[in-house]
Amino acid sequence: MIAHLRAAEDLIDHLSPEANRYKASGEPDVVSWARPWRNHTQCASFQTQLLKHVYDWADDEFFTAHFRSVSPPSRTYRWVFEQREVPHFARVDTVADLRPGDLVVVDYGHRRPTNTGHIALVRGAPVVDEDKSYVVPVADCTADPHGTSPDFPDSRSPAGQGAGYGHLVFHASPETGGFAGYAWSVTAQRSHPVAERPIVAVRVV
């Protein structure tokens, strides 16, 4: 198994609801991969802390050099991955090519300083649903679990939060197979096109 995916699952599988929450803006990140197992992060900082925990190259100097932050928000991750090559990351251009360990970043396309987007870690191969969209199992940190489908569940309760397992839905361009949009879950009432919320995916290499 991919090292950072294994570490994410190890953490999530040990967390109790009381020790697992989506932190408020301005609070420090707190993550512990040993007793007491804890996670107090946001979506982007969860993935950043995960990479820092697993890989020697993923230190503050690396993130500052390439993202101008020791803990970049989702918007910055998306912009940098779109604009230039970053060491240890390779672009994944089609939805069908997503593999366990890949990171998918959504930019919410607004100018607010917080909640700039979402970043999730792929856990398994995409599953094509009846609408020819791709349902992708992910590990992420959120205050809003990914729906209530019994077939594509979220490990957090409907009112839960923090790090856990869920499913995102991605739409592919019929011409290129590239990302055309996404929905938060299979039970979501709305999808967002990439013109409104840009998406980029990368593989840790």
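View 1. Partly exposed denotes the range between buried (under 20% relative accessible area) and exposed (over 50%), computed with a 1.4 Å probe on protein chains only. The model is predicted: local features need pLDDT of at least 70, side-chain atom pairs count only at pLDDT 80 or more, and totals for chains, interfaces and linings use all residues. Residues are numbered from 1 along each chain as its sequence is written, and side-chain values use heavy atoms, with hydrogens and water left out. His88 lies in the loop between helix H4 (74-83) and strand E4 (89-92); helices (H or I, at least four residues) and strands (E, at least two) are DSSP runs numbered from the N terminus. Although not a glycine, His88 has a positive phi of about 75 degrees.

**View 2. Backbone geometry at Asn115 and Pro36.** Asn115, in the loop between strand E5 (103-107) and strand E6 (117-122), has a positive phi of about 50 degrees although it is not a glycine. Its relative accessibility of 42% makes Asn115 partly exposed. Pro36 is placed in the loop between strand E2 (30-32) and strand E3 (38-41), and a cis peptide bond with omega of about -5 degrees joins Arg35 to Pro36. Most residues other than glycine have a negative phi, and most peptide bonds are trans.

**View 3. The buried side chain of Arg156.** Arg156 belongs to the loop between strand E8 (134-142) and strand E9 (162-172) and has a relative accessible area of 7%. Its side chain makes a polar contact of 2.9 Å with the side chain of Asp140; such a contact is a pair of N or O atoms within 3.5 Å, where, within protein, one must be able to donate a hydrogen and the other to accept it, and residues adjacent in sequence count only if both atoms are side-chain atoms. A polar atom of the Arg156 side chain also lies 2.8 Å from the backbone oxygen of Gly162.

**View 4. Helix H2 and Leu51.** Among the buried residues of H2 are Phe46, Leu50 and Leu51. Beyond residues up to four places away in sequence, Leu51 touches His4, Ala58, Phe63, Phe89, Leu103 and Val204, contact meaning heavy atoms within 4.5 Å.

Technical notes: The expected span of a helix is 1.5 Å times one less than its number of residues.
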